[in-house]
Amino acid sequence: MNALPCTIYVSFTGALLALAIGSRSAMAARVVALLTALTAWGITLSAASRFVPAAGLQELVNAPWIPDFGIRYHLAADGISLTLLVLTGLAATAGVLFSWNITERTGEFFALYLALIGGVYGVFLSADAFVLFVFYEIAIVPKYFLIAKWGSTNREYGAMKLVLYSFAGSALVLAGLLWAYAAGHATGFSFPELVAATGRLDLTQQTGILALVFLGFATLAGMFPLHTWAPTGHVAAPTAASMLLAGVVMKLGAYGCLRVAMPLSPAAFAVLQPYIAWLAIIGIIYAGLVALVQDDFKFVIGYSSVSHMGFVLLGLAAANSIAVSGAVLQMFSHGVIAGLLFAVVGRMVYERTHTRELAALRALPLHRLLPFAAVVFVLAGLASMGLPGFSGFPAELTILIGAWQTNPLWALAAATGVLIAAAFTLRVIAVAFFGNAGRAGPLGPPDFEDSAARPAVAPYPPITWPEKAGALLLLGATIYLGLSPDTLLNWIRPALQSPAFHAILSGGAP
Amino acid sequence: MNADYAGLFQALRPEAYLVIGALVVLIVDMIWARHRPANRHHVALALGLISLLMAGYAAATSGASGAIYDGMFQLDPLSVATRTGVILLAALALALLPDAARLRHPAEFTAILLFATTGFTLMAAANNLLVAFLALELASLSLYVLAGFDKASPESAEAGLKYFLFGGMAAAFLLFGFSLLYGLTGTLRLDLIGQQLAQQGPTPLLIVALVMVLVGFGFKAAAAPFHLWAPDVYQGAPAPAAALIASASKLAGLVLFTRLLWPGLGSAVGTIAHLPVTVGWAPVVALISGASLLLGNIGALAQSNVRRLLAYSAISHAGALLLGVIAAGRTGVGPLFYYAATYGLTTVGAFGVIGALESAGRVQQLTDLAGLHKRSPLLAGCLAVFVLSLAGIPPLAGFFGKFAVFASVLQLGGLAGPAGWLVICAIALSAVALYYYLLILKQALVAAPADNAAPVRVSLSATIALLIAAGLIVALGLWPSAVLELF
């Protein structure tokens, strides 16, 4: 447990090493990146194996940093942070494996990648709002360069849009936190201190502060109508960056909402709760419908991410311990599944076919050309639809149960999102991987009779070992969690018993 | 008046070193170095740096001994820190000299730079209207010359002339304001002026004097609507001169006017922390600040010239710094000084990168930076640090500067009045600012180099200066208390 802060330091050191070594040898940079990601992940796993669930944050580091403003370098973790830390380690390792084929400026790529990871670890470990904010912003900037340099379609636009949305969101957060700090005469930026400071203000000011902070974090979590950065950004990003963005970075926003924004003021949260819930539901349904009509394979996944993150936000908005624990579980589950989907689309398919147009993919018998990719995508798609046996099922079910307890209407409305998710996932599976076969029927058309005579049945390079390893890693995680969601829920539930969440979670229930 | 010449000399050792250094540079160049053109730059640079280092050491160790020479100067923690700061910034700017190879008279350039620095250090300590004005003019006249120093370039001449005309006008306003203040109070000492004005209360004549003074301040800080010189000067001036104008001059000016406004005119501050607003200089400064924030950030969006872009970014930063001036009297000058000093470091660095690049060709358009990561990884890395610090990305110093200033302004009255609203506006505009800062970095770090672009060779002194500036920005960003605890 006490080694957890090392995840941050290891990642940043790895970033510097990759930068230094990358100019000489690309392979060395890859190995450094993989070792760094594995080390950090190993630290989180070993902490997880020794983790004793408890209410409240368990102290890791607490030292004065900027005494003039009462800011302390304060790191701590509970079950929620630990869940997301393990996710970060997993997604980071898989991301390195899926970017094994980066050949241009490899060292710089992995340096930025690891810096981003370091920032993410930092956010999940912070117990001081200022520290959290600093790490949060550290995680923003590398995204721009990762996308603008190594991305694909419309990358400069996508990168700029994504970074400006994230930064605007963080500006809202900063404004809200400073407002609470200054107007409430806080002596520091620790969470309890900010909560106390907010409590000293009238309800109007409390609502304003909470709205600013929540909206700022929710921007990064892809809340409707501030979600538009997500599909364009994810589509433009290189595979590993899309995996991280959808898998981990969007969780920063949701985590901020839960850890920083919601506890600030229970009264103000009660005012905002229905608005947040309905925005989340609109996001689920709207993004699902948009995903249904996309022509670009990656855009389908991008919008599906927004739709699934809507469930997280709904779980937070429902504000009872079932819904919120479901939301945290969904963060983990979506992180794994979205990573997997983006890996198949961006790395396995696009890098070989050089197209993501569904119309063009329909003409290719991808299930024969890339059987491994097809299998992985079908499994990931099933997980994404929320089929039992995969992590999506317990997560979304828990959220819906929790939402029902707060307001049955919310649960009913959001449940239609599950149907839409099934529709767009099945559609994209059918079109992208079974396009020809689907039209021709199970027996195959005449031109496939002599397929043995055709010169190149498999014109694409085979799936490489890093891709297989990464895919199996993520698949294993989603299936394990689908079979045994209690592994994580046993960490999350005690954490929600802490006094910080108590007022929110009891106030939101009927 | 009891004249304490020993005390005066002791206090003014830094200025003495600077002036002697300037003369030595000129003499050595005249009798020895100018016959050896290959070494001329290096001799001037070495002598200039030695003199700056001695002055810097003297300034840093001079100690805050209070009023000097019958209140002509005030040596408090602020003036000690500022004198050290401006000398450091001037040394960093001077280190860019070898790359500005087109400057044909390096010794004269160095000497005038040292005179300008003398003006800055005097501005930092001045506690008397007359001394303040003379110091300001010494600095300004030197800067006019430095801006127009590149005789081969019409833009440089334009920069010098424009700066001179605007500066002369602003100085006239300022002097008129000073004369009114003297007429109202019968004294030139800032602390006595403050006492007198506190007894008299606000009069219409005082308001006129305030506005006149603020015109001079707005010019010095490059704040809207007195900013018009900045884009042209930043564009045309030689890189070391632009670096000095953007950094040390701004720091010294801010400190001079903060001293003038708070201890001198503190009784006429007015209030903008709560509604209704009461009359004084704070509402006017807030107006200037808001105008600068808007105009600087929106103007910068339209720029394709990297130097003009930095000028508009400077205008927007001036807006934030002016907010800091409003808060300085209530919550201490620490945040303001931290912001101004680290901002100076970043602009010296940014112009340093431009200056170092100019040894390999003109740098005006953003596209001239294309492929910098290939041409010189060092410059690209340093530029990334400087630009991200300007954009306010933690853990760089630019972030904490903004954070500290905004927090101290909000502590005045929360969001209950215009001051709080301006802070929210400034925070929102920082998201706009990130856009144009990323445009710079996109060229430098993402775009491919032009076909004819050669690798850049950076001189040793510029390399060291850039590394020092970048290192300080990171270090001060991580340990801001190192500066804040000085006050």
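How many of the residues of α5(A) are buried? The first legend gives the count.

The model is predicted, and local features need pLDDT of at least 70, side-chain atom pairs count only at pLDDT 80 or more, and totals for chains, interfaces and linings use all residues. Residues are numbered from 1 along each chain as its sequence is written, and chains are lettered from A and ligands numbered from 1 in the order in which they are written.

**View 1. Helix α5 of chain A.**
In α5(A), 22 of 22 residues are buried, and the helix is mostly covered. A residue counts as buried if 20 or more other C-beta atoms lie within 10 Å of its own, as exposed if 12 or fewer do, and as partly exposed in between, with C-beta atoms placed from the backbone. From first C-alpha to last, the 22 residues of α5(A) reach 32 Å, close to the 32 Å expected at 1.5 Å a residue. The expected span of a helix is 1.5 Å times one less than its number of residues. Helices (H or I, at least four residues) and strands (E, at least two) are DSSP runs, numbered from the N terminus.

**View 2. The contact between chains A and B.**
Chain A puts 26 residues into the contact and chain B puts in 25 residues. On the side of chain A that touches chain B, α5 (129-150) and α6 (155-183) of chain A each supply at least two residues. The most comes from α6(A), with 14 residues. By residue class, this side of chain A holds 22 nonpolar, no polar and four charged residues. Two residues are in contact if their C-beta atoms, placed from the backbone, lie within 7 Å. Ala, Val, Leu, Ile, Met, Phe, Trp, Tyr, Cys and Pro count as nonpolar, Asp, Glu, Lys and Arg as charged, and the others, Gly among them, as polar.

Strands β1 (residues 58-66) and β2 (residues 71-77) of chain A pair in the antiparallel sense over seven bridges. Two strands pair if DSSP finds at least two bridges between them. Opposite Val61(A) stands Leu75(A) in β2(A). Four residues lie between the strands of this hairpin, and Gly70(A) takes a positive phi near 65 degrees.

**View 3. Leu279 of chain A and its surroundings.**
Leu279(A) is found in helix α11 (residues 266-292) of chain A. Leu279(A) is buried because 22 other C-beta atoms lie within 10 Å. Not counting residues up to four places away in sequence, Leu279(A) touches Met223(A) and Phe224(A). Val293(A) is 14 residues from Leu279(A) along the chain, and their C-alpha atoms are separated by 21 Å.

**View 4. The largest nonpolar core.**
This core has 429 residues, of which Leu313(A), Leu314(A) and Met123(B) touch the most other members. A nonpolar core is a set of buried Ala, Val, Leu, Ile, Met, Phe, Trp, Tyr and Cys residues joined through C-beta atoms within 7 Å. Contacts of Leu313(A), not counting residues up to four places away in sequence, include Ala218(A), Ile276(A) and Gly283(A).

**View 5. The two domains of chain B.**
The domain assignment of chain B gives domain 1 (1-173 + 231-258) and domain 2 (269-487); such bounds come from an automatic or database domain assignment. The C-alpha centres of these two domains of chain B lie 22 Å apart. Their contact takes 29 residues from domain 1 and 35 residues from domain 2. Helices that each supply at least two residues of the domain 1 side are α4 (77-94), α10 (229-236), α11 (239-246) and α12 (248-264) of chain B. With eight residues, α4(B) gives the most to this side. The residues of the domain 1 side divide into 22 nonpolar, five polar and two charged.

**View 6. Backbone exceptions in loops.**
Most residues other than glycine have a negative phi, and most peptide bonds are trans. His185(A), not a glycine, has a positive phi of about 55 degrees. His185(A) lies in the loop between α6 and α7 (191-199) of chain A, and is exposed, with 12 other C-beta atoms within 10 Å. Ala222(B) also has a positive phi, near 55 degrees, and its place is in the loop between α9 and α10 of chain B. Ala222(B) is buried, with 29 other C-beta atoms within 10 Å. The peptide bond from Pro394(B) to Pro395(B) is cis, with omega near 5 degrees. Pro395(B) is found in the loop between α17 (377-391) and α18 (397-413) of chain B.
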